4 protein chains.
Amino acid sequence: MTAAEAVAEILRQIAGEVESHEDGHVADYIPQLALADPAVFGLAMASMDGEVGGAGDPRAPFTIQSISKPFVYALALADHGLDAVSRWVGAEPSGEAFNAISLEAGTGRPANPMINAGAIVVSGLVEADEILPFLSAFAGRALDVDEAAYASEAATGDRNRALAYLMRSAGALPGEPGPLLDSYFRQCSIRVTATDLAVMAATLANGGRNPVTGAEVVAEPVAVLVQAVMASCGMYDAAGDWLLRVGLPAKSGVSGGVIATSPGRCGVAAFSPRLDPTGASVRGVAAVRMLSDRFGLHLMHNPSVREEQRLGMRGTIPS
Amino acid sequence: MTAAEAVAEILRQIAGEVESHEDGHVADYIPQLALADPAVFGLAMASMDGEVGGAGDPRAPFTIQSISKPFVYALALADHGLDAVSRWVGAEPSGEAFNAISLEAGTGRPANPMINAGAIVVSGLVEADEILPFLSAFAGRALDVDEAAYASEAATGDRNRALAYLMRSAGALPGEPGPLLDSYFRQCSIRVTATDLAVMAATLANGGRNPVTGAEVVAEPVAVLVQAVMASCGMYDAAGDWLLRVGLPAKSGVSGGVIATSPGRCGVAAFSPRLDPTGASVRGVAAVRMLSDRFGLHLMHNPSVREEQRLGMRGTIPS
Amino acid sequence: MTAAEAVAEILRQIAGEVESHEDGHVADYIPQLALADPAVFGLAMASMDGEVGGAGDPRAPFTIQSISKPFVYALALADHGLDAVSRWVGAEPSGEAFNAISLEAGTGRPANPMINAGAIVVSGLVEADEILPFLSAFAGRALDVDEAAYASEAATGDRNRALAYLMRSAGALPGEPGPLLDSYFRQCSIRVTATDLAVMAATLANGGRNPVTGAEVVAEPVAVLVQAVMASCGMYDAAGDWLLRVGLPAKSGVSGGVIATSPGRCGVAAFSPRLDPTGASVRGVAAVRMLSDRFGLHLMHNPSVREEQRLGMRGTIPS
Amino acid sequence: MTAAEAVAEILRQIAGEVESHEDGHVADYIPQLALADPAVFGLAMASMDGEVGGAGDPRAPFTIQSISKPFVYALALADHGLDAVSRWVGAEPSGEAFNAISLEAGTGRPANPMINAGAIVVSGLVEADEILPFLSAFAGRALDVDEAAYASEAATGDRNRALAYLMRSAGALPGEPGPLLDSYFRQCSIRVTATDLAVMAATLANGGRNPVTGAEVVAEPVAVLVQAVMASCGMYDAAGDWLLRVGLPAKSGVSGGVIATSPGRCGVAAFSPRLDPTGASVRGVAAVRMLSDRFGLHLMHNPSVREEQRLGMRGTIPS
């Protein structure tokens, strides 16, 4: 068995194990999301040398939703630098849910770019028409927008509208609520697969260079910053528990996607629509956690201990 | 110049740079702390092969204060396992200051073991007389308690008493307030040096084995968990910014100490009494940040990028 | 000196005393408000037998702003009854500022109808075109809308828009944000004088019957409920202190108006644009407080004690 | 039928109606309280001319608990005046439960004297041994302390201890936690009956003069202030709803007592141990509300409307 075959076998085992999970509920607050097939499960992994493996149904399409947030944050950082971006959005975990208000008293600055308020601000810091090509460069192929999902988002986004008006009332919104929310709803409606997301995550893990296409999408310092914010804030009010038990920068979305990065080693992604109470995919979270365990990816591992545990797997994807 | 000499030179440079920082104020809410000499600065680093370097005054003694928290948490995890400990204390950043109340509604469970409420609970989960020997094993020498500081803590700890009674009223305190706070105040009064703390941090970074003495102080999974909680909660309400800009598990204390771990690479510690508004040492934070930059220790770095940046330093302490 | 002359003399004395107060700042968050002449002061009082007295400039016009809230709440109560209205808005003091979010967790129901969120909901419970005639019946003359102020409100009402969208996202808004806010901004722009407001307050104090025109504007139980909510919530985060020191149901507005009712005795109103930090008129509050003291109007007075203090004034307005 | 007989008949009717309420639960967080007979119900009313009527079991004894708070606040006001007392405790409704923390940010000053934190501070402002004689003067007989209940309070008062230490840590406690809490627990354990409480309430309503004994217990301005705070804060997080529907200053206690005052007219009290979720007696609240309705006591009534409703009852107790 080659190393790549060994990895593929592990992915298949994990897919098999998590497919028995039937807990959780498909998101229904956006009508289009409620149409998702709850039984779908996809898992994908991309290494630093560009190998991409998958299990289940890694080519099933879905809307990216909140997983767009770290990538648009990367675009804002690339355009303006950390200091300029930090004037508009913080980087502190809020300890609250994805749609929490969490605006800094006095300034109206959102706590971090992973909650909706912060992501709306970040969308306002970039050119709306740069977002789709930029995320496509991360994925290594031309992504498109799911127009039905976009229309559905726009029709039901009252809480996001409220956040935008609250921030504008505090002078904390870099643009007009209408076009800015439009851009935000469009970025959430970009269509991806688990394979796409694994390559996107691997591009961050690889210091900003897409390991499949070889393109340098962002500079290494930007990739570092984005993964740091994913580590502290990507899993909302479960961020601390995630870092404890999985130990990887990650981001989930309400359509059922979840990504994680292992810096210098791999990007992983899973997709399954049923969500836990924090709004993360039940099977997706379980799969990424197993994957982190199986390949010893936890950031806090002593790599020399890790190596002893991985006898015979040296040189494979997660090394 | 040997590798060790190169490292020593970098530590000296950093010490020289930060000693010009005169911002911040020595903590005065515990009388004994207010007596500290504000001009002292110590910096130390310990590698996985047991080399220990320092600059400034790395042998200056001070009380460990909140830096005891991750180590006593390690003891509780070693004694009871994560599931049992999690029933008493969470692992989520509270986004609040070190003395915040941050108890879970209903249960009274503290948000995490790095805030005072959580640390008091954790002290109640271990035998009071195991703490000093356990921390001594991390340091690789017999530590002692600064009795004057302990008396001073005990006389002024009203807020901690309040936290203990609040938790007991919710059935969330594993013991009696009196002896439990006594044990907590004692653990905060353990006397250490920057060198001690660097070895203690290196022991965590090394997967629980003290790299100087060779003793296995805790099992690797415990060291992983402790560093994960340090990463998400160790720097209180500045935890996100710290992970963004420094990228290492860390813990600060009000006496002016700060530690950071780089898993599989090194432990670092700095000491200087003047504090910033979040209660962390101004010079200590600056020094650890420079050190992370200089040696490319940020957890989110792609190590292959890192290696190119470290030409000529292969094999030295921070590799 | 007749009783009416005695009352007029007291009003003149109070006007003379408060006109020396130059503290506070004219509201500037709505451009039109910032144009107000800070020196204007008007004071008026209307008795249960329809006598109306005044001092200073009681005929100076200004926009009613938040003082519209209790009257539109009266309209909603008259139309639907307390139980139906209570499903949309509570009656508890929020202990927070006028523009606080204060929505009930889970339901999104605003804490009370005196804060903006609650007043917006209440506006949605009544027909937009009933508001102006209804308030006119309270005043006893045909009021009109200050169109320039209305345009100014509508252009700067981001925080109110945010509140409306937040409530709609929770299913807690009885209407569409656009027309509902339009109606709310119009009601805030109704033009009144201190004399108008004194008659409006006296109508509440008189159990819903306008003491000047004799018209029964609302039933007595509605007048009772409205004054009860004014007593507990009318002065926002200073409501408790107001009840302690002045002891009357009251409502202030950011244009500088303030009203108070003394059930069965009189209605009073004052106007002066400079505001204290809670958003209430500095001179208006001082004048109403003096008036309550001078005439022994505090709700908690023992009337027999009061009567002894008022020898020689029996039968005058505030009896 | 004389007026007094008419009143007695109404009290009997109300007692008959509320005795069918079997909702609610006897407080169990203090062991001694859990021993109360849930079936007991007492109702009493005292007029300004010293007539005292009752129904049910108005002589059943119970511990006064939080109903002590307004009376000890009266003692503090009598001793020091409002300005001095206000430096230690505010008068704003907190919108929170009786045992809420509700300390002002920065100063640690409790929101009001009706929540536990505020009442503990108020106890510290008076001489411990003045409390029992002072409350006895309000009741018009020598009250005593239920020593078993006191021992029970002292043994389980962790949350109150926490509040005391929190306040001391902010320099906001006028005394030592130990003796101060001891005094507070003793005042809560004073034994009263519904008849006692009705006379105590009537003393407030009568401007501080006990209508039965004729003694002036406090000056009228103190009685006014105490009733104002009862109106805004006495019913905790249900204060606004109470003022809306009952319209009287009031105070409840966890043993099942509730009092209300009608300034210049009467004092009323009810007792029954089963509590609603806000911690107020289910039957007690129902009885006081019926009583307010039946006698037209709502503070916001226009008395002339009231009089028409009370034909044939002029001169009776609630006039």
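How many residue pairs, both at pLDDT 80 or more, are in polar contact between chain D and chain C? The count is twelve, each with both residues at pLDDT 80 or more, where a polar contact is a pair of N or O atoms within 3.5 Å; within protein, one atom must be able to donate a hydrogen and the other to accept it, and residues adjacent in sequence count only if both atoms are side-chain atoms.

Before I go on, this is a predicted model, in which local features need pLDDT of at least 70 and side-chain atom pairs count only at pLDDT 80 or more, while totals for chains, interfaces and linings use all residues. Residues are numbered from 1 along each chain as its sequence is written, chains are lettered from A and ligands numbered from 1 in the order in which they are written, and side-chain values use heavy atoms, with hydrogens and water left out.

Let me stay with chain D and chain C. Here 37 residues of chain D are in contact with 37 residues of chain C, contact meaning heavy atoms within 4.5 Å. The two chains bury about 2,800 Å² between them, with 64% of that on carbon and sulfur atoms; buried area is the accessible area, taken with a 1.4 Å probe, that two parts lose on being put together, summed over both. There are two salt bridges between chain D and chain C, the rule being a side-chain nitrogen of Lys or Arg within 4 Å of a carboxyl oxygen of Asp or Glu. One of them pairs D:R245 with C:D83, with the closest N and O atoms 4.0 Å apart.

On the chain D side, α4 (82–86), α11 (220–233), α12 (239–245) and α14 (303–309) each supply at least two of the residues that touch chain C; helices are DSSP runs of H or I with at least four residues, numbered from the N terminus. The largest share, eight residues, comes from α11(D). By residue class, this side divides into 20 nonpolar, eleven polar and six charged, counting Ala, Val, Leu, Ile, Met, Phe, Trp, Tyr, Cys and Pro as nonpolar, Asp, Glu, Lys and Arg as charged, and the others, Gly among them, as polar.

Turning to chain B and chain A, 36 residues of chain B are in contact with 36 residues of chain A, and about 2,800 Å² is buried between these chains, 64% of it on carbon and sulfur atoms. In chain B, the residues that lose the most area to chain A are B:E220, B:L244 and B:M300, together 24% of what that side buries. Across this interface the rule finds zero salt bridges, although it does find twelve residue pairs in polar contact, both residues at pLDDT 80 or more.

As for the remaining pairings I looked at, chain B and chain C do not touch, their nearest C-alpha atoms being 14 Å apart, and no contact joins chain A and chain D, whose closest C-alpha atoms also lie 14 Å apart.

Finally, a look inside chain D. D:S123 lies in helix α5 (residues 116–124) and, at 2% relative accessibility, counts as buried, the class being under 20% relative accessible area, with exposed over 50% and partly exposed in between (1.4 Å probe, protein chains only). Leaving aside residues up to four places away in sequence, D:S123 touches D:V72, D:L180, D:Y184 and D:Q187.
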